[in-house]
Amino acid sequence: MFSSRTDWDFRSSPLFSLVLQKRARGEEIIDLTESNPTRCGFRYQPDHLITPSALRNSVSYEPNPKGLLMARQAIAGWYERQQISVDPSRIVLSSGTSEAYSYLLRLLCNIDESIAVPKPGYPLLEYLCRLNDVNCQQYRLDYDGEWHIDVPSLAGILSPKTKAIVLVHPNNPTGSFLKLEERERILTVSEKQSIPLVVDEVFSAFPFEEDASRAGSFAGTQKSLTFTLNGLSKLVGLPQLKLAWIVVSGPDELCTNALQRLEVIADTFLSVGTPVQLSLETLLSDPAATRRQILDRVLNNYKGLREAFPQGSPVSIFGCEGGWNAVLRLPATRTDEEWAQELLQVHGILTHPGLLFDFDLKSCVVVSLLPEPKIFSEGMKGILTAVRH
Ligand SMILES: Cc1ncc(COP(=O)(O)O)c(C=O)c1O
């Protein structure tokens, strides 16, 4: 009766079963996988989420497939403040970046064509590909103290069936930004082979430090057809407002063609609510300084992580340049799944095994940098106790 694309394995993983058992017994869990910012003790100002005037003006419904002009102008203004010129007519709104990816897969790919995605990377892309009947081909990121895209590995998987190269800038969970030199090499590959770029910048507003060698936003890219994604879910820590966007840039004729088609896709769903669009200008000016609060938290936790596990410690930290996650390498005496299981079973600490993000190294765990400092430092202490055991 059901499509094979929804034939998932619905059995709980041993780790998740253990979480359920512990919760059922009322045991406390130090959750180092928390990725929902609204559960991490940040101060939000409810009046700034949906403004009173936005509510008043939402009584009439005047849909625009690409999103209300006022909202797109607010996004263009946000880029302008970063010295990037974006024409509001080249912006398309969606309810989330995940939906934006789906629009782009529908725009670019026929059944069984493919997109190139980073490994290690966020598992969402695999699900989105499957739901859209598209294959996910992985290119590698390599680590030499910092993460780099293995450009030959990327070039090696491209074929006439590859319809997009996905860049996650910075990548989740490695926290690695593309460097200027990488950007140039990839733009050359993309231009030569006429393969559009999809650049996910949802964590770009959370860099840990300045770096002159780092590539900026791709939203102003003119060389190749480029779709740059961002949204409120990470930028101001408000996933529940459901607003994200795609900036289309590149050669004029390709942009016009892509926008015409995207407009029909978006018109089929009209998925973004009016109140949030009318509040966007205020949200992007971030009056509650939520982005700053989140950035301070992740910086502080990352610092705590480095103090807890200095050089020579049995736990090493993969260098991370930004974002909301960090990757730890634990002793190779156990696999990542065994470590995650033991950390939870014995020490009550929940982490993600690296397997979830397709790490080749088998003893990595991923921790969120969002939890409140007390929880986070308890978690670090527990991990240290576990590895010294
Ligand atoms: C790299 C990356 N892109 C996109 C998303 C989805 O974001 P949204 O809430 O805008 O759909 C996530 C969610 O965590 C993510 O990690």
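What follows is a quick tour, from overall shape to helices, ligand shell and backbone.

Analyst: Keep in mind that this is a predicted model.

User: Fine. How many helices and strands in the chain?

Analyst: The chain has 14 helices and 14 strands.

User: And what radius of gyration does the chain have?

Analyst: The chain has 21 Å. A compact globule with 389 residues would have a radius of gyration near 21 Å, so the value agrees. Along the principal axes, the C-alpha trace spans about 60 × 55 × 50 Å.

User: What share of the residues is buried?

Analyst: Buried residues are 42% of the 389 in the chain.

User: What about contacts, how much joins residues at least 24 apart?

Analyst: 75%, counting contacts between residues at least 6 apart in sequence.

User: On to helices. Which residues of α3 are buried?

Analyst: Ala71, Arg72, Ala74, Ile75, Trp78 and Tyr79. They sit on the same side of α3, because they cover an arc of only 155° around the axis.

User: What covers them?

Analyst: The cover over the buried residues of α3 includes β2 (91-94), β9 (244-249), α10 (274-278) and α11 (280-285).

User: How far does α3 reach from first C-alpha to last?

Analyst: Helix α3 runs over residues 69-80, 12 residues in total, and reaches 16 Å. That is close to the 16 Å expected at 1.5 Å a residue.

User: Now α13. What span should it have, and what are the end C-alpha atoms doing?

Analyst: Helix α13 covers residues 336-347, and its 12 residues should span 16 Å at 1.5 Å a residue. The end C-alpha atoms are 15 Å apart, which agrees.

User: Which of its residues are buried?

Analyst: In α13 the buried residues are Asp336, Trp339, Ala340, Leu343 and Leu344. They fall within an arc of 125° seen down the axis, so they line one face of the helix.

User: What follows α13?

Analyst: Gly348, with a positive phi near 70°.

User: Switching to the ligand. How many residues surround it?

Analyst: 13 residues, and the closest are Gly96, Thr97, Ser98, Asn172 and Ser233.

User: How does that shell split by class?

Analyst: The shell around the ligand has 6 nonpolar, 6 polar and 1 charged residues.

User: Which loop holds Asp112, and what is its phi?

Analyst: Asp112 is in the loop between α4 (97-108) and β3. Its phi is positive, about 75°, and Asp112 is not a glycine.

User: Is Asp112 buried or exposed?

Analyst: Exposed, because Asp112 has 9 C-beta neighbours inside 10 Å.

User: And Ser194, what is its phi?

Analyst: Ser194 has a positive phi of about 50°, although it is not a glycine. Ser194 lies in the loop between α7 and β7 (197-200). Ser194 counts as exposed, because it has 10 C-beta neighbours inside 10 Å.

Key
Residues are numbered from 1 along each chain as its sequence is written. This is a predicted model: local features need pLDDT of at least 70, side-chain atom pairs count only at pLDDT 80 or more; totals for chains, interfaces and linings use all residues. Helices (H or I, at least four residues) and strands (E, at least two) are DSSP runs, numbered from the N terminus. The radius of gyration is taken over C-alpha atoms; the globule rule is 2.2 Å times the number of residues to the power 0.38. A residue is buried if 20 or more other C-beta atoms lie within 10 Å of its own, exposed if 12 or fewer, and partly exposed in between; C-beta atoms are placed from the backbone. Two residues are in contact if their C-beta atoms, placed from the backbone, lie within 7 Å. The expected span of a helix is 1.5 Å times one less than its number of residues. The arc is that of the directions from the helix axis to the C-beta atoms. A residue is near a molecule or strand if its C-beta atom, placed from the backbone, lies within 6 Å of it. Ala, Val, Leu, Ile, Met, Phe, Trp, Tyr, Cys and Pro count as nonpolar, Asp, Glu, Lys and Arg as charged, and the others, Gly among them, as polar.
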